[in-house]
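I opened this model to take notes on it. The entries follow the order in which I looked things up.

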Amino acid sequence: MGKDTVADIITSIKNADIHKKEIVRVISTNITENIVKILLQEGFIKNVRKYHQNNKYFLVSTLRRHNKKTRKGMQKTILKRLSRPSLRIYSNYKRIPKILGGMGITILSTSQGIMTDREARLKEIGGEMLCHIYTY
């Protein structure tokens, strides 16, 4: 766990998906709570609970298993980190990319909080693109 909490949560979810684990535990911050809330709303996570241990708060998330088979095998959830501390990527609301024609989501950090690409387009605000999430 480093100082980049967004990269920590993305890496934790990727590793759990690769190793077919259902439970992910990450340190609770405002950013991670908002990202997990978006993942819960979009259906990538089944449920979330917050607990306290050794003067730290943690979020325990249960991942949703995609049992749908494709030609190549089981369906996978892909998370890609876009903006990072050494290279920030900002976008106007008109230039936010649609992932798989709207099947995936982009999570943005805007002046009105962390939100999905659809919400940012509706509110007509841009921001820093944090990550892409989609299932194939």
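Entry 1, a hairpin. I looked up the hairpin of β2 and β3 and found 2 residues between the strands. N54 takes a positive phi near 55° there. N55 lies in the loop between β2 and β3, and N55 has a positive phi of about 60° although it is not a glycine. I noted for comparison that most residues other than glycine have a negative phi. N55 counts as exposed, at 71% relative accessibility; the classes are buried under 20% relative accessible area, exposed over 50% and partly exposed in between, with a 1.4 Å probe and protein chains only.

A note on sources: the model is predicted, and local features need pLDDT of at least 70, side-chain atom pairs count only at pLDDT 80 or more, and totals for chains, interfaces and linings use all residues. Residues are numbered from 1 along each chain as its sequence is written, and side-chain values use heavy atoms, with hydrogens and water left out.

Entry 2, the strands. I read helices (H or I, at least four residues) and strands (E, at least two) as DSSP runs, numbered from the N terminus. Strand β2 (residues 45-53) pairs with β3 in the antiparallel sense over 8 bridges, where pairing requires that DSSP finds at least two bridges between two strands. I looked up N47 and found T62 in β3 as its bridge partner. β6 and strand β7 (residues 113-116) also pair in the antiparallel sense, over 4 bridges. A hairpin of 2 residues joins β6 to β7, and I107 stands opposite T116 in β7.

Helix α1 (residues 5-18) has 14 residues and reaches 20 Å from first to last C-alpha, close to the 20 Å expected at 1.5 Å a residue; the expected span is 1.5 Å times one less than the number of residues. I listed its buried residues as V6, D8, I9, I10, S12, I13, A16 and D17. Their cover includes β1 (23-27), α2 (30-42), β3 (56-63), β4 (77-81) and β8 (127-135). K20 is in the loop between α1 and β1 and has a positive phi near 55°. K20 is exposed, with a relative accessible area of 62%.

I took a nonpolar core as a set of buried Ala, Val, Leu, Ile, Met, Phe, Trp, Tyr and Cys residues joined through side-chain atoms within 4.5 Å. The largest has 22 residues, of which I9, I13, I35, L39, I107 and I133 touch the most other members. The elements giving two or more residues to this core are α1, β1, α2, β3, β6 (105-110) and β8. α1 gives the most, with 5 residues. Apart from this core lies another, of 7 residues, among them L82, L108, A120 and M129.

What is I133 in contact with, leaving aside its neighbours within four places in sequence? I133 is in contact with L39, F44, T77, I78, L79, G104, I105 and I107, contact being heavy atoms within 4.5 Å.

I counted a charge as over a ring if NZ of Lys or CZ of Arg is within 6 Å of the ring centre and within 35 degrees of the ring normal. The charged end of R25 sits over the ring of F58, 3.9 Å from its centre. R25 is in strand β1 and is partly exposed, at 42% relative accessible area. The charged end of K50 sits over the ring of Y57, 5.1 Å from its centre.
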